[in-house]
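Subject: Structure handover

Hello,

Please find the structure below. My notes on helix packing follow it.

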Amino acid sequence: MVFTSSDAITLSDFIRAEQRKHEGASGHFSDILLSIALGTKIVARVINGAGIASLLGLTGETNVQGEAVQKLDVYADKVFSSVLGRTGQFISMVSEERETIFKAEDGDWRSDYVIAFDPLDGSSNIDVNVSIGTIWGIYKRVTDGSDVNPEDVSDFLQPGYSQVAAGYTIYGSSTAFVFTTGDGVHGFTLDPNIGEFVLTSRNMRIPPQGSTYSCNEGNYHTWSPGVKAYVDYVKNPKGEKPYRARYVGSLVADFHRTLLKGGIFLYPEDFKTKKGKLRLLYECAPLALIAEQAGGRASNGKEATLNLVPSSIHQRVAFFVGSTENVEHLEAYIRDLG
């Protein structure tokens, strides 16, 4: 189906229509979503011309995660921090690129929310023109007071099910913006002709079972017996067709494919990263909310990801997400074999 600017439902159209369903809505949350979309547009435009603008490559610095910082990491962090900080809706923010929480530019005692985000997921793929993305999760404040205490992380140490909204952007052959506010998952695609996000997937649903698995099998020798046994099974299920292996190495890209096609994405803990590698607050929890809103499941292998309470803003966890039947099958292997 080909959309034209006259019949397309834009993101702003969609948000206004949703807002009218809630009597007494202030419009503040609508402002938040549109601001995130604006930041996405800015970053998408720069990514498309990064090579020309000399924004590819490393800065020579290392972030709080111990990872080499790309020039685009820094740029995306600045864009989202600035655009979201000016909404007045956030009192503080967490970014993968920053060691501590930081105050939103226009945040004050009237600000109701906090946001945690990974400004540019998949940094190692930036220089080779592979899909990368942005991930974010929003929480209602649990603290009060006239100002934010940089040492107080209480607003962020909430279980994932407390998120009031979560979403991601994937910058690939097109720019897709996917989010949930707790009432289904909706996908939009940026139309460069009109500079607007257009609704392309309403109420997205992940298939209950899929035949694709996505993981870095180079780490196979470091995994637990249960995870190894599960991967052995999907590669050679008795009497059935083997699963297809698909792994990009950008979390957003691998998750997006799994959401659309079904199957399972695995990033287990291992002997090197004993608590897992992916960050709970701004990677796993937002994608877990999206997965479960779309009918899927997300887990650390033993417990639902949305039930996990962060002990620190950069806490790492094991992460398994995808079709419900696939994830439950993996969990059974872990229960039986460890």
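H1 and H2 are roughly antiparallel to each other (angles under 35 degrees count as roughly parallel, over 145 as roughly antiparallel, 65 to 115 as roughly perpendicular and the rest as oblique). Helix H1 covers residues 11-20 and helix H2 residues 28-48; they pack at about 165°, with axes 10 Å apart. Axes here are lines fitted to C-alpha atoms, for helices over the stretch in contact, and angles run from 0 to 180 degrees between N-to-C directions. Helices (H or I, at least four residues) and strands (E, at least two) are DSSP runs, numbered from the N terminus.

This is a predicted model, in which local features need pLDDT of at least 70 and side-chain atom pairs count only at pLDDT 80 or more, while totals for chains, interfaces and linings use all residues. Residues are numbered from 1 along each chain as its sequence is written, and side-chain values use heavy atoms, with hydrogens and water left out.

H1 with H2: the crossing is right-handed (left-handed if the near helix is turned anticlockwise from the far one by less than a right angle, right-handed if clockwise). On the H1 side, Leu11, Ser12, Ile15 and Gln19 meet Ser30, Leu33, Leu34 and Ala37 of H2, where contact means heavy atoms within 4.5 Å. By class these residues are five nonpolar, three polar and no charged (Ala, Val, Leu, Ile, Met, Phe, Trp, Tyr, Cys and Pro count as nonpolar, Asp, Glu, Lys and Arg as charged, and the others, Gly among them, as polar).

H2 with H3: the angle is about 155° and the axes are 9 Å apart, which makes H2 roughly antiparallel to H3. H2 passes H3 in a right-handed crossing. Among the residues in this contact are Ile36, Ile42 and Val46 of H2 and Leu72, Val79 and Phe80 of H3. The contact has 13 nonpolar, three polar and no charged residues.

H3 itself: the helix has 15 residues, 71-85, and spans 21 Å from first C-alpha to last, close to the 21 Å expected at 1.5 Å a residue. Its buried residues include Leu72, Asp73, Asp77, Val79 and Phe80 (buried means under 20% relative accessible area, exposed over 50%, partly exposed in between; 1.4 Å probe, protein chains only). Lys71, also in H3, is partly exposed at 32%. The C-alpha atom of Lys71 is 9.6 Å from that of Ile126, 55 residues away along the chain.

Overall, the protein has seven helices and 17 strands, and 54% of its 338 residues count as buried.

Regards

Methods. The expected span of a helix is 1.5 Å times one less than its number of residues.
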